[in-house]
Amino acid sequence: MSMEIGKGGGSSVNINASWLFLSLMYLVQGIPLGLAAGSVSYLLKSSMTYAEVAIFSFATWPYALKLFWSPVVDGFYWAKLGRRRSWILPVQILIGLTMVYISQWIDCYLPGEECSTQGPRPEAPGIRFITLWFFILVLLSATQDIALDGWALELLPESDRHLASTAQTMGLTGGFFLSFSVLLSLSSRAFVNEWLPFLEGPPVTISGYIRYAGIAAIIMSVFVLLVPESPPKEELDVVDVYKKLVSVVAARKDLLLVLLVHKLGFVANDAASSLLLLERGFRREDFALTTMLDFPVQLIVGIIVTRWSKKRNPVQPWVIGQLMRLALCFIMNLFIYYAVGRTSGLEAFFPLVVSLSILTSVAGTVMFIAQGAFFAVISDSAIGGSYQTLLNTVRESGNKSTDMACFE
């Protein structure tokens, strides 16, 4: 029996079912990203040089490079299975299997984690080995993202396409939250002893979480088969998709330039502020707690911005979020300037750091949802995956290139 998703035009029941399905799929997709850009990256930073931090940042680059193979995802598929399911189903199974494999050895190479293998801790294979496997994991997640972005435009009525951005934001944020804040906190003995003293020790390990998340991803792939998929309205092969994508670049060159440079005003703050605060005595558990407090705020903001984007031009909340981030960046930089050279007395400023972090995340959520809603509204569903990938890739390219330059 197939699920009642994507049927019946714009009925509220089918729209809500489609939104829920997309949110769950984005949740699964956000877990690998939360590991590579969140918990694993954060744990490794305490024992890496800035140069090694830059090397590991390559693990998240597939999201900035997925444009190169997005027309293949849009134009090459098995018609009997469906254009989107032909990619989402096998890729999600591979994501699950890759996480299960990584879980077999990851604890042994993270500082402060107990190695789950028998015998002494094996010699670390080097940052390049770890980066390679997380690069593969994020590569699979990025490929799934192309197909899922395109499918979202087909599952939702044109008048409700802005909901695709909300599903993406809520799902990715939820996956990132689980893989970063929850995992980092509940696997930390210091956090559990301070905030959950009734527990004898950390209830989860990094490897255990990754293993069960991989199994859950494989199980979730069953639901992909239950969702009906309509044949594409326009038959395009890979070459046709590339040609149409070139025409989009010519038509949207001004927008692409804005996406490429919009982060320049706060790149240094985003990339290095947490590292500088760690050097001044703030603990990683404090930052994990901050993110846990931040998650429900992001959910509320996501709902508000979704309604705002439907009633108004999504560009307006995007601009307001940009101005908010610039102002908050200035305040955080003033505090860091004050903190440099001080080794005590900074604990009193923890509420300020928490507040600035939450407000910065709110501004980022406003920008992300507004951008996504705008992308969904202007995208051509015939090349929906590639069209949105083009816009997202340019945005991520700007993010990653400025991050790397900051650590040089």
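**Helix packing and nonpolar cores**

In the predicted model, helices H5 and H6 pack at an angle of about 155°, and their axes lie 9 Å apart. Since angles over 145 degrees count as roughly antiparallel, H5 is therefore roughly antiparallel to H6. The crossing of these two helices is left-handed. Classified by residue type, the contact of H5 with H6 comprises 16 nonpolar, five polar and one charged residues.

The largest nonpolar core contains 60 residues, and those with the most contacts inside it are Leu-22, Leu-35, Met-99 and Phe-134. At least two residues of this core are supplied by each of H1 (12–45), H2 (50–56), H5 (85–102), H6 (127–155), H7 and H9 (206–226). When residues up to four places away in sequence are not counted, Leu-22 touches Leu-148, Ala-152, Leu-155, Leu-156 and Ala-167. Another core, of 21 residues, lies apart from the largest one; Val-241, Leu-245, Phe-375 and Ile-378 are among its members.

A further helix pair is formed by H7 (residues 162–186) and H15 (residues 350–378), which pack at an angle of about 140° with axes 7 Å apart. H7 and H15 are therefore oblique to each other, and their crossing is right-handed. His-162, Ser-165, Gln-168, Thr-169, Met-170 and Leu-172 of H7 meet Thr-365, Phe-368, Ile-369, Gly-372 and Ala-373 of H15. The residues of this contact divide into five nonpolar and six polar, with no charged residues.

Technical notes
Residues are numbered from 1 along each chain as its sequence is written. This is a predicted model: local features need pLDDT of at least 70, side-chain atom pairs count only at pLDDT 80 or more; totals for chains, interfaces and linings use all residues. Side-chain values use heavy atoms; hydrogens and water are left out. Axes are lines fitted to C-alpha atoms, for helices over the stretch in contact, and angles run from 0 to 180 degrees between N-to-C directions. Helices (H or I, at least four residues) and strands (E, at least two) are DSSP runs, numbered from the N terminus. Angles under 35 degrees count as roughly parallel, over 145 as roughly antiparallel, 65 to 115 as roughly perpendicular and the rest as oblique. A crossing is left-handed if the near helix is turned anticlockwise from the far one by less than a right angle, and right-handed if clockwise. Contact means heavy atoms within 4.5 Å. Ala, Val, Leu, Ile, Met, Phe, Trp, Tyr, Cys and Pro count as nonpolar, Asp, Glu, Lys and Arg as charged, and the others, Gly among them, as polar. A nonpolar core is a set of buried Ala, Val, Leu, Ile, Met, Phe, Trp, Tyr and Cys residues joined through side-chain atoms within 4.5 Å. Buried means under 20% relative accessible area, exposed over 50%, partly exposed in between (1.4 Å probe, protein chains only).
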